[in-house]
Amino acid sequence: MDTIFSNLTPAFVKPADGSPLIVAGPCSAESRQQLLDTARQLAATGVRYLRAGVWKPRTMPGGFEGRGSVALTWLREAEEKFGLQAATEVANETHTTEALQAGIRILWLGARTTANPFAVQEIADAISRFNTENGHAGSPVAVMVKNPVNPDLELWIGAIARLYNAGITHITAVHRGFSAYGLKSYRNAPHWHIPIELHRRIPTLQILCDPSHIGGRRELIAPLSQEALDIRFDGLIIETHCDPVHALSDSAQQITPDELRHILASLSTRRNTVASEELTRLRGALDQLDDQLIDILSRRMAIAREIGALKKVNDMTVVQPQRYEQLMASRIEQAQAAGLPAPFMQRLFSTIHAESVAQQARILNTSGTDL
Ligand code: PEP
Ligand code: MN
């Protein structure tokens with residue numbers, strides 16, 4: 001059954017002046033000194049929320065796997081010394097209870113954990129147990145849910161629902177991109193339409209963008225952050241380290257608190273939500289064209305079904321590869337001449353063609369002609 005997220009509350013409070021909400025801090029808490037230095041500089045920049053990994057989910061064994069629970073006390077010290085609220089990653093029940101018992105009130109699920117419903121459930125249950133035992137004393141436990149490693153919106157929503165169903169209402173989602181095989185310009189490619197669809201499905205859910213794990217390189221943080229704000233994300237989570245070059249994990253993507261301050265000062269926040277007359281007119285024109293597109297698609301599918309019935313009578317397979325090749329090549333050529341990019345046309349026509357094939361296959365599999 002679908003979860004109705006009626007009581008959802010953001011994990012983070014947005015700055016009152018309309019500037020973007022920022023969560024910043026090192027990939028990993030490496031030492032007390034490193035964490036306190038970074039936290040002090042961040043607090044001076046106006047950052048209120050500190051991130052630092054204590055248990056690090058490394059792809060390959062043998063790397064730096066975090067300092068473990070001792071680092072939780074450094075996070076608490078940074079909170080108290082600099083008036084910050086600290087967040088750390090938990091990947092199982094033990095991490096969760098240790099972090100909560102140490103007094104950390106913001107937890108996050110990393111991309112590898114969100115992809116694992118057993119781990120998510122175990123964490124949700126551990127938080128719920130902690131809440132019951134402590135009678136919700138103090139601030140409520142808040143959880144950030146990063147997208148799963150693979151572009152699977154249902155898996156992402158499923159993790160959020162497991163937490164919510166366990167009574168956790170303070171939830172924020174984080175788009176950190178999706179991994180893919182092969183060389184790429186991003187470490188984890190952003191699929192902006194996925195968080196946009198997540199927002200459409202759960203409008204009250206706060207969503208941050210993590211340009212550090214999307215880009216994987218510090219030069220990409222500024223452009224990705226601007227792109228995220230232009231898309232209307234609620235804020236950014238950015239890996240920041242007092243000495244990035246010597247960081248024990250994710251060195252190439254971390255920036256100093258000073259670099260963070262420069263990037264934040266360079267970002268434009270577009271705050272106007274009122275459409276001008278011209279914008280309204282152009283939207284009206286789009287609405288009309290979309291009406292025509294829908295009408296054309298519905299007529300196209302009706303003809304495809306007629307063809308399906310004929311293929312059945314003539315004992316032909318649904319997919320005729322030669323015809324498909326021709327159709328794709330000619331449509332792409334035509335579209336390019338009209339100024340439309342070939343990859344877009346490729347995606348669009350393969351989607352349309354796949355639906356025609358599905359509708360025709362249904363006809364071939366039903367007895368008699370139902371046209
Ligand atoms: C992290 O935030 O340091 C981290 C491990 O991120 P992700 O789960 O997005 O890979
Ligand atoms: Mn990291």
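**Entry 1: the metal site**

I began with a definition: donors are N, O and S atoms within 2.8 Å of the metal (3.2 Å for Na, K and Ca), and because water is not among the atoms, sites may look incomplete. This is a predicted model, in which local features need pLDDT of at least 70 and side-chain atom pairs count only at pLDDT 80 or more, while totals for chains, interfaces and linings use all residues. Residues are numbered from 1 along each chain as its sequence is written, chains are lettered from A and ligands numbered from 1 in the order in which they are written, and side-chain values use heavy atoms, with hydrogens and water left out.

I asked which residues supply the protein donors of the manganese ion (ligand 2). I found Cys27 (SG), His213 (NE2), Glu239 (OE) and Asp250 (OD), at 2.1 to 2.4 Å from the ion. Along the sequence, the spacing of these donor residues reads C-x185-H-x25-E-x10-D. Cys27 sits in the loop between strand 1 (21–25) and helix 1 (32–45), and Asp250 in the loop between strand 8 (235–239) and helix 10 (257–266), so this pair ties together parts that are 223 residues apart in sequence. Helices (H or I, at least four residues) and strands (E, at least two) are DSSP runs, numbered from the N terminus.

I then looked up the burial of the pair. Cys27 and Asp250 are both buried. Buried means under 20% relative accessible area, exposed means over 50%, and partly exposed lies in between (1.4 Å probe, protein chains only). For Asp250 the relative accessible area is 16%. I also noted that phi of Asp250 is near 50°, a positive value in a residue other than glycine.

**Entry 2: the surroundings of ligand 1**

I listed the residues that surround ligand 1: Cys27, Arg51, Lys56, Glu89, Trp108, Gly110, Ala111, Arg112, Lys146, Arg176, His213 and Glu239. A residue is near a molecule or strand if one of its heavy atoms lies within 4 Å of it. By class, this shell has three nonpolar, two polar and seven charged residues. Ala, Val, Leu, Ile, Met, Phe, Trp, Tyr, Cys and Pro count as nonpolar, Asp, Glu, Lys and Arg as charged, and the others, Gly among them, as polar.

I next looked up the distances from oxygen atoms of ligand 1 to side chains. A polar side-chain atom of Lys56 lies 2.9 Å from an oxygen of the ligand, and one of Arg112 lies 3.0 Å from an oxygen. For His213, an N or O atom of the side chain is 3.2 Å from an oxygen of ligand 1. The protein covers 97% of the 300 Å² of accessible area that ligand 1 has on its own. Accessible areas come from the Shrake-Rupley method with a 1.4 Å probe, and for residues only the protein chains shown count as cover.

**Entry 3: Val90 and Glu93**

Is Val90 buried or exposed? Val90 counts as buried, at 0% relative accessibility. I located Val90 in the loop between strand 3 (85–89) and helix 3. Contact means heavy atoms within 4.5 Å. Val90 and Leu107 are 17 residues apart in sequence, and their C-alpha atoms are 6.4 Å apart in space.

Glu93 lies in helix 3 (residues 93–101) and counts as partly exposed, at 35% relative accessibility. With residues up to four places away not counted, Glu93 touches Glu122, Ala126 and Arg129. A polar contact of 2.9 Å joins the side chains of Glu93 and Arg129. A polar contact is a pair of N or O atoms within 3.5 Å; within protein, one must be able to donate a hydrogen and the other to accept it, and residues adjacent in sequence count only if both atoms are side-chain atoms.

**Entry 4: Gln226 and Arg232**

I placed Gln226 in helix 9 (residues 221–231). Gln226 is buried, with a relative accessible area of 15%. Arg232 belongs to the loop between helix 9 and strand 8 and counts as exposed, at 62% relative accessibility. Phi of Arg232 is near 100°, a positive value in a residue other than glycine.

**Entry 5: the whole chain**

I recorded 13 helices and eight strands in the protein chain. Of its 371 residues, 43% count as buried.
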